[in-house]
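Please look at the sequence and the model below, and keep both at hand while reading the walk-through that comes after them.

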Amino acid sequence: MTDQPLTCHCCQRHAVGLGIGRPNAPLWLCKECVGIAEHIKRAKRLDPYELKALDGGVDAVGSYLKDIGKTDLAEMDELEARMLVKAAWEGSGKRLRKLLVEGEAPF
């Protein structure tokens, strides 16, 4: 068993085993963020990027709602509601990685 945390330092998804940063206190990454580790290491503070990444979640949710033709959570079944949250989560992570790779400062 390892002391590895369960979440990615960058996007909070499940971490898979690659640590960046100090050897005695690594920051673990998920499989999607592993590919951009060098960009993540350059970012001193992820908070401003995370705030801008929320726009990616909003965009993804909007697309999902359009696809299923519903806007009221009360009208969704359990799977649709979960897929809505998944769209927000993945959309935010995707936007965060895009911002980091492209060097787009969110401020």
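This is a predicted model: local features need pLDDT of at least 70, side-chain atom pairs count only at pLDDT 80 or more; totals for chains, interfaces and linings use all residues.

Residues are numbered from 1 along each chain as its sequence is written, and side-chain values use heavy atoms, with hydrogens and water left out.

In the segment before β1 (18-22) one finds Q12, which has a positive phi of about 70° although Q12 is not a glycine; strands here are DSSP runs of E with at least two residues, helices are runs of H or I with at least four, and both are numbered from the N terminus. Q12 is partly exposed, with a relative accessible area of 42%, where buried means under 20%, exposed over 50%, and partly exposed in between (1.4 Å probe, protein chains only).

Helix α3 covers residues 47-68. With 22 residues, α3 reaches 32 Å from its first C-alpha to its last, close to the 32 Å expected at 1.5 Å a residue, the expected span being 1.5 Å times one less than the number of residues in the helix. The buried residues of α3 are P48, Y49, A53, G56, G57, V61, Y64 and L65, and they pack against α4 (78-102). After α3 comes G69, whose phi is positive, near 70°.

Which residues does G56 contact, leaving aside its neighbours within four places in sequence? They are G91, S92 and R95, contact meaning heavy atoms within 4.5 Å. G56 itself lies in α3 and counts as buried because its relative accessibility is 5%. Although G56 and R95 are 39 residues apart in sequence, their C-alpha atoms are 5.1 Å apart in space.

Seen from the other helix, G91 lies in α4 and, at 11% relative accessibility, G91 also counts as buried.
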